[in-house]
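Here are some notes for a colleague who is opening this model for the first time. Please keep the structure in view while reading the points below.

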Amino acid sequence: MAPILEVKNIEKHFGDTQVLRDISFSLEKGQAVSIIGSSGSGKTTLLRCLNFLETPDHGTILVGGEVLFDASDPATQLEREIRRKRLHFGLVFQSFNLFPQYTALENVTLAPELLARERPDYKQNRRRIHDGIRAEGEALLEQIGLADRMGNYPHQLSGGQCQRVAIARALALRPDILCFDEPTSALDPELTGEVLRVIRALAEQKTTMVIVTHEMAFARDVADQVIFMDGGVIVEQGDPEQVINRPREERTRQFLSRFAGR
């Protein structure tokens, strides 16, 4: 069986600056990979390439054995195809990006509602489809501990609650792979734990995830593999215990030394 995600030889330039160089890794269904590294190492750009918010200059991306992107094949880069392929991935941003004019529940159900309108049976079954989407949204908010906040607007929620709504919103489209871009970096320290607990629960439920994080203990404990990036390349990857506790590369040891004793 093919891995759920295969990333092969991805490269990306911004002008004359190469920000990703020969990035390759794979992920089995139900696994989580933590990506660590300093700011500017290419972690966020890699996530944006996976979600087709950036177009790689070289390489291929496969999900479930299907080639979603091939830099040498223009047919895989058509906008109408890219829109469909984005549905394989859910992305949780650093800064929530919730719509302020919508409630928590409306933020979660908006994208599924818009997609449902493209269904050929939408007009005939509009009420049933709407009720089903709403029920799924309510179940997701209950799952992440926000059953009593469904009618609240983002300004009525804490940062941690907003981030949990963002996680529910990403899950609402039932992606094959859920991606997190430093999900706690915009939070006060006391709110970080509640978001990490939700992600940890998703890992225990075998949700396939790619997690960019600066929380080293969390990266080690929640992931099946860890990737350390520096200067746009993968310096080291492997078992979390080995990479974080017994790194082989000097550059990895230098990076992790900053977190010693935390």
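1. A residue is taken as buried when its relative accessible area is under 20%. The model is a predicted one, and phenylalanine 89, with a relative accessible area of 6%, is buried because that value is under 20%. Phenylalanine 52 likewise counts as buried, at 6% relative accessibility.

2. The count of aromatic pairs comes to three. Phenylalanine 52 and phenylalanine 89 form an edge-to-face pair, with 6.3 Å from centre to centre and 75 degrees between the planes. This pair links distant parts of the chain, since phenylalanine 52 sits in the loop between helix H1 (43-50) and strand S4 (58-63), while phenylalanine 89, 37 residues apart from it, belongs to strand S6 (residues 89-92).

3. The largest nonpolar core has 46 residues, and of these Leu141, Ile167, Phe180 and Met209 touch the most other members. Leaving aside residues up to four places away in sequence, methionine 209 touches Leu27, Gln31, Ala32, Val33, Leu178, Phe180, Ile199, Leu202 and Ala203. Another core, of 29 residues, lies apart from the largest one and has Ile23, Leu46, Ile177 and Val212 among its members.

4. Which residues of helix H9 (residues 250-257) are buried? Thr252, Phe255 and Leu256 are buried there. Seen down the axis of H9, its buried residues fall within an arc of 95 degrees, and they therefore line one face of the helix. The cover over the buried residues of H9 includes strand S3 (32-36), helix H7 (216-222), strand S9 (225-230), strand S10 (233-238) and helix H8 (240-245).

Methods: Residues numbered from 1 in each chain as written. Predicted model: local features only at pLDDT ≥ 70, side-chain atom pairs only at ≥ 80, totals over all residues. Heavy atoms only, no water. Phe/Tyr/Trp six-rings, centres within 6.5 Å; stacked < 30°, edge-to-face > 60°. Helix = DSSP H or I, 4+ residues; strand = E, 2+ residues; numbered from the N terminus. Buried < 20%, exposed > 50% of the residue type's maximum accessible area, 1.4 Å probe, protein only. Core = buried A, V, L, I, M, F, W, Y, C linked by side-chain atoms within 4.5 Å. Contact = heavy atoms within 4.5 Å. Arc of directions from axis to C-beta.
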